[in-house]
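Hi everyone, thanks for making time.

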Amino acid sequence: MKRRDFLWLLGVVSGSTVMSACGSPNRSAKFTSYLLPPEEGVVPGEARFHPSTCTECPAGCGVLARVREGRPVKLEGIPGHPVSDGGLCVRGQSSLYRLYHPERLRGPMLRDGKTFRSIPWEEAFTRVSETLKSSREKGRKNLFLSCRTTGTLSRVADAACERLEIGRLPEYEVYSHSAVKEANALLFGERDVPHYRIEEADFLLTVGADLLETYVTPVAYTRKISTAQAGGDFLWYHVEPHMSLTGGNADRRFTVTPGRERLLLSFLLREVATRKAAQNGFPREILAALPPATAESVARDTGIPPESVKEVADRFLAAKRPLVIAGGIATESPGGVGTAAAAALIQYAVGAFPGRVDFAGRENYRNVGTLRDMEELSARMGRGEAGVVFLFRTNPVFSLPARLGFRENMKKAQLTVAMGEFLDETVREADLVLPLSHSLESWGDVEPRRGVMSLLQPVLPPLHDTLSDGDALLGLLGSASGKGPAGGYRDLLAAAWRKRLGEAGKAQFLEKGFVEEMLPKRPVSLDGRRAADTLRSSTSAEEVRKPVLFLVPSIRTFDGRSRILPLLSEIPDPLTTITYGPWISVSKETAARAGLRDRDEVTVASGDWKAVLPVKVQPGLPGEVFVVYRDAIPAPPIRTDPRTGGPVDTIEGVRITKTGKTIAIPILSGSFSQQGRGLIPDPVHLEEERRQKRWTLYPEHAHMEYQWAMAVDLGRCNGCAACVAACHIENNVPVVGKRDHLKGREMSWLRIEPFYEKGEVDFLPMLCQQCHYAPCETVCPVFAAYHNPEGLNVQVYKRCVGTRYCSNNCPYKVRRFNWWQHRWPEPMDRMLNPDVPAREVGVMEKCTFCIQRIRGGKDKAKDEGRKVRDGEFTTACAQSCPTGALTFGNILDKESKVYRLAHSERAYRVFETLGTVPSIHYLRGGKT
Amino acid sequence: MENAEKYAKVDRDILAAMKKPGRVYLAGLAFTASLVAIGGILWAYQVRNGLGVAGYTHPVKWAIYITNFVFWVGIAHSGTLISAVLYLFRARYRTSFNRAAEAMTVFALMVAGLFPLIHLGRSWVFYFLIPYPTQRQIWVNFRSPLIWDVFAVGTYFTVSLVFFYVGMIPDFAAAKRYAEGIRKKVFTILSLGWKGTDKEWRHYGMLYLFLAAFATPLVASVHSVVSWDFAMSIVPGWHTTIFAPYFVAGAIFSGTAMVITLVVPLRKAMNLHEYITDDHFESIAKILLFTSLIVSYSYIIEFGMASYGGNVFEMGSFRYRALGEFRYLTWTMIFCNSLVPLTLFAKRLRRNTTCLLVVSILVNVGMWLERFVIIVTSLAHDYDPYVWGTYRPTFVEVGISLGSFGLFFTLYLLFVKNLPVLSISEIKEHI
Amino acid sequence: MVDRMIFEDRDRFLEELRRLVRDGVPGERIRVITPFGVPEVGEILPRKRSKVRFFALVGAASGTVTGFAFTILTSLSWPLIVGGKPIVSIPPFIIIAFALTILFGALSSFAGFLLFSRLPSLRGILSEEEYGNAFVILVEDGERR
Amino acid sequence: MTAFLEKKGGLAVLIAAAGALLAFVSLGPSPGKAGSLLLAFLFFVAVVEGCIAAAAAGAMVNARGVGSVRKELLSVAPLLLLSSFLLLLLIPFVDSYPWAGKPGIWLRKDFFIGRNLAFLLLAYVTARRFAAVPADEEGTKVRAATYLFVFVVSQSLAAFDLVMSLEYPWVSTLLGGYFFIEALYGGFAVSAILYLLLHGRPPADQTPGSRSDLSDLSILMFGFSLLWAGLFFAQYLTIWYGNLPEEVGFIARRLSTSPLRELSVAILFLLFFIPFPALLSTRAKTNPYLVSAASLSILSGILVERYVLLAPVVRFSPAALAIDFSCLLLVFVAVVYKRSRGSDRET
């Protein structure tokens, strides 16, 4: 019988594979015939992995694209990649949606009154080159504005601009880290963002820098932190003006009004300098420049309790390899440069240079300009000095404050050429639109930080009539200068790589997808006098006056560029569990005072700017502090920092007024409190559950060969939701949209539940627990849900009739029901994973530990006539986790990691008292 | 009065109903029929678009449809109860209600049977639930309460139908004398050529006794099974041992109420005051009162136990039930089911049909709410606080529910006009 | 030759019936037709108890057996573990068995009734013979039997 | 003995003596005394209240069978006083309940004893009021109803307080209902036995199968055997299916160790698998041997069940148990005997 059972399961899985191999989600699946031979190098049913690089944000994490039938269906981090080392964030996972997005630009377009008409590339190029010429004759200046570019592309752009006498403007990034760069420039003459080797530190103090979310290279820092934590004696304190995911995950978190962190740091600096840094000749004049401060005064000014101030100082001094990172919102507010400088000086004083703070492997932000540069650009265009203006993968119209009048001034340029992927706010205003290919359709390389080169290679032919970044530039160059370089961008790259790496190195680069060069250490020299001046010049005048609104980057959308990805709207924001925003986060006390409740509509006003947003009450937020994600507000009213030219993302003196109306926003969490149910158990619950004897009247059913299980380390999980995105894409979980989310009908098989206890937040990843005694199975009248021989709680979609009893009877409520026939608009349907059936309307679906991967792994092992090795394959969620919080394996194998973790002291199961005996073992987090 | 005269009068009075329908009747029929039509259209709409058109949310995946199912099965109960149990207890007043009650049972079951289908995510594969050898090579899961339902309700329907029909055989024989045209033919055939010989009567008596004897435990079992649809789960507020007797009592309670709701107007419309007397109503009112007390007992025990064990889930569930956003429904339900029937302690009120009618209607409302509250509130706030949610019905659900009432009353109106509404032979026997 | 006595009144009909029995007319020669069940008839005329009850019993018993057999065998034919419950879990199967007991019992008693009282009888359906609400005693004379 | 009973107040003396003896035993040294007393108490309260309840129920639906032994059934009312006294003797035992000592509103020693005692006395009072009026009189039904109400509450309390809370925090909402149905079941069994003892075999002229008082009682027992099975099954199935360790433990503890397992099965037989088939056929319902067999099996079933309910959590001492039982049994018989003699003289 077992055999039949197995064959039957095999039948369902492979059958469903065929079902969806044609990627048609709906029931009437049409089968692709292979009468026509499949394209080159495509073996039906076989997956290939091609290394490339994620371009969703500037961090440049390495990705392996899983390609089936010539279509990438999943992105995974490249293990050992110098940036991400196998991790990939929620945005990176979701970026496949960018590739297959139905709204992508499909070909070059020329403005035709209000609308555009599509034109061939040749026409586009000729028009550009003509206009370039004419504008030169008119004595106008042609300008090239791009996002942060690195590696060969950057050089090509420079070359092209030079050849065509186009002024290459400083690159534009919303998060340019101007203050940090400025501070480093002033102190050490290094105008760039250093690379922090957190893994080497034993005490980390972060000031504002949202390492886990968006700061410079979040995945890298996330991994570094967890490596450090794994090392044991590592402590991480975080100082921030609001409540961020990063703060929520630090060992301790202090909320300080921006501008005042400087006081804490100065105090720290003084302590360090006087008590520790004597040896490495720390310039005395700096101490003189420091504002006089005692622990008490600092405590008074910052609101941190005095003992804590002392504690921070003591720990910092006691630490062998302490590290301070100032950045993010703390440096994008008034006095940011002072804060950054103080931090940098502390580093210097404790001798973190050149080891833990590394300018050799700096983050390549040198060419990125400031907000002031954009002011100038806008002004120049306004004065009609601009001829052709290239806007390359950048969206200033959305992100620049209205006062710059960028949008209006664009009109005054002779020709604005927008190069991008979507018809975003900027592209919409351009005269000529040149569509660019997605990085998965293009050759290229990036150098996210010095000494690290990462490969971009096409894994599928362009879906639309687009050119890769490089080819587009070369095309321009060619048509404008008459003769471009022989061959395309690919040849050029090949040459460049050969030159830099040699033939062998190139081959290896193409195979591995990255190279890391060993760079010589780069010592820094401190200019004491300028340092002192810098410190002096930051006065208490540069302080934020409450009530204040913070514009912060979101882990889901970064500076707003990722908001176009449908999946990211579907995945709840980790802190608020809101899916389809926008909203404004309000602190508990302020809400109480103003009588604000979730979903209340308020108008947020500052000066002549105003916005209407729904309220979300956010625990842990200090009073009179409001937070809105950058993506929520087009043309935000941000100021320019007089000293750095960078942006000031704090909007002071905002007026929040209740309109009395409410706005429906999907808040997925039914309760931020555990209601004393011990999902994340305090010792009490743990004891209770340990004491419970597990009586049952059923005969024991053992599993012979495999029993799949998972361990979830709550100490490592930081709620970043990368696993959620991975699960969505791996398992063809549909994006259902706001209307259903408002009814709580999200489809995600894996959710991350935040629970707040007195300002502290804990995250609980909740997925199907694959119970040994599963309540859901028994109640199914048609055996659609049953227990397979490997301890999985499988769901047979084709047999489900949709009584939904299983979901009612699931204490974890991890089963999802298809309320509609979900469809994937062309070409998104090509993104479907052929190994997983797309579910039909009216059936229940759920996590099955990526059974398709299990099957694959077992087949491989079978071919090699062995049992599956531990860690040979893993589930999509576990694979994507940047911190390695999820461990999947066969718990019958006593050697396996999951077995060890499941039997650790910290292990427990959720709702142990229900006797469901889940296969998911949670490890209690060890927050100190 | 001469005996023969009496008997003839009984025939006339009871069969009087069958004469040409009046305007009011037709209007009523049209109305209920239109409700059916609306319900049908909405169901089609739902099948076309998927269950998303209903108000279901993530935690609340059962709602009004299941409420209706339980409600109608409940209604179906007193039918057989009054017929069978009272027959076994030799209760005279049975004769005045049994026919109406049995008809009610059959129709209510027809309606109830629809809801599991309406509720299915994929109604078009409902036959997966029926155990028969197929190329799918797989049988149903007899460990699932939903399969028990299939069997219990199926059996109940069949047996009730037989019971209903057997009871009518002699009456068909009587009715065919007065009917003419097609109706005469139909009655003649349905009477199976019944003559009324002592042999027939002897076997008939034995059969009826056994049907009654079978039906009585069936009544209890069926609603127990329905209650186990909930009690078998581990949802706090559902999983409790008292559910079976509690639901049975509740079913009889609501069923009896429905009988009263139907028979009071029936008696008036067809002036059957001689055959359905106030004494009869009083006796049946006592059943109502009695079952109401049992239901109240269960309420008390349930709420009491929730706080007794100190189980955080149970407590949470019942706190939500009593104080949560559905509290108004909960308290209305308690008012209708526990307080209103207490008035029936007063003999005067028990004999006052108007009062009875009001009470019975309130009880119907209360019992519908009871099922709704049990189903929805328990699901809305169960174990994991993160998924706590709520539920609001949509026009589709409301429409289909109204449609079900329409269907029930349509069938009932047709019955009233086409079949003997009282057991002629038994009434004669008891003259 | 059948002689037939028709009564309007129930009591007179019963008197007559008693008289006949007293006069020693063998019960099996007497047939009565009544508009409704008259329990006294059963007491006056000695008749065997209806066999329908055997049908009921057998039907019920077979129902029980079927119920258990069906559930157990089908479960064994493809043993799937659900919720850790045993493949043959008797408690739930009892419910099915119970339902079938009732069903079969009821249906077979109905069948028994039809069988014993010769229904449906085409003659009965077709015959115009009609006594309305009268009580009828039919006495067949001994010879013709 | 009988002569002594004839005397005025002899009965009262006897009851008092029994009370004294029981008190003596329960104050004695043996370790399991309290447990034994609890068991005896639970059983006899069930039977005694059951008898009266049977009479009351009979009065409600005017069932002739029960009516014929009404007087005897009602005569046991005084034993309710004795039971209340026994409850007082149990006060020290309450400290051994798992919830004892913990703060609580419902589970507090004084309230616990208080409410149970109150309802026992209330039961006594209402029973007397019901006994006071003859069966056919106007107010009877009302009084019967009042008693039944008190009976239901008092049996539920016995179930939830004295038995269920022994295994706090285990809960079964059905237990109360289960208890009073069972008590009623026992009541009918007693009535049947009394009927047979007093009115002997059914009159010879009765043709088998025709309804007699005895078959009335048999039918009631038969029906209740089904009802009992239903309730038992409902409770077992729910726990078995839910598989919640906390609940399942209650059953598992009784099925995991040897004597209890067999006894648990025995309960099923004594309360269902014997009475049900025994009373199935119409003839059997009037057969004195079958009926008495069924009745006895029912009563012993109740006794065994009470034992199984307590056994895993309570200690017994055979000696104490024996004494307690014989005392109560004696008193019970004496009371009924006297009443029946009395009734003979009246008729």
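Let's start with helix H18 of chain A, residues 469-481. H18(A) has 13 residues and spans 18 Å from its first C-alpha to its last, close to the 18 Å expected at 1.5 Å a residue, where the expected span is 1.5 Å times one less than the number of residues. Helices here are DSSP runs of H or I with at least four residues, strands are E runs of at least two, and both are numbered from the N terminus.

Quick word on where this comes from: it's a predicted model, where local features need pLDDT of at least 70, side-chain atom pairs count only at pLDDT 80 or more, and totals for chains, interfaces and linings use all residues. Residues are numbered from 1 along each chain as its sequence is written, chains are lettered from A and ligands numbered from 1 in the order in which they are written, and side-chain values use heavy atoms, with hydrogens and water left out.

Back to H18(A): its buried residues include Asp469(A), Leu473(A), Leu476(A) and Leu477(A). Buried means under 20% relative accessible area, exposed is over 50% and partly exposed is in between, with a 1.4 Å probe and protein chains only. Just after H18(A), Gly482(A) takes a positive phi of about 85 degrees.

Now, Leu476(A) is one of the residues that Leu434(A) touches, not counting residues up to four places away in sequence. Contact means heavy atoms within 4.5 Å. Leu434(A) sits in strand S16, residues 432-435 of chain A, and is buried at 0% relative accessible area. Trp121(A) is on its contact list too; the C-alpha atoms of Leu434(A) and Trp121(A) are separated by 8.1 Å, though the two are 313 residues apart along the chain.

Which residues does Asn808(A) meet, leaving aside neighbours within four places in sequence? Lys813(A), plus a set from chain B, among them Pro59(B), Trp62(B), Trp238(B) and Asp382(B). Asn808(A) lies in helix H27, residues 805-808 of chain A, and is buried, at 1%.

Last stop, chain D. The axes of helix H3 (residues 33-60) and helix H15 (residues 288-310) come within 10 Å and cross at roughly 140 degrees. Axes are lines fitted to C-alpha atoms, for helices over the stretch in contact, with angles from 0 to 180 degrees between N-to-C directions. That makes H3(D) oblique to H15(D); under 35 degrees counts as roughly parallel, over 145 as roughly antiparallel, 65 to 115 as roughly perpendicular, and the rest as oblique. Residues meeting there include Leu42(D) and Phe43(D) from H3(D), and Ile302(D) and Arg306(D) from H15(D).
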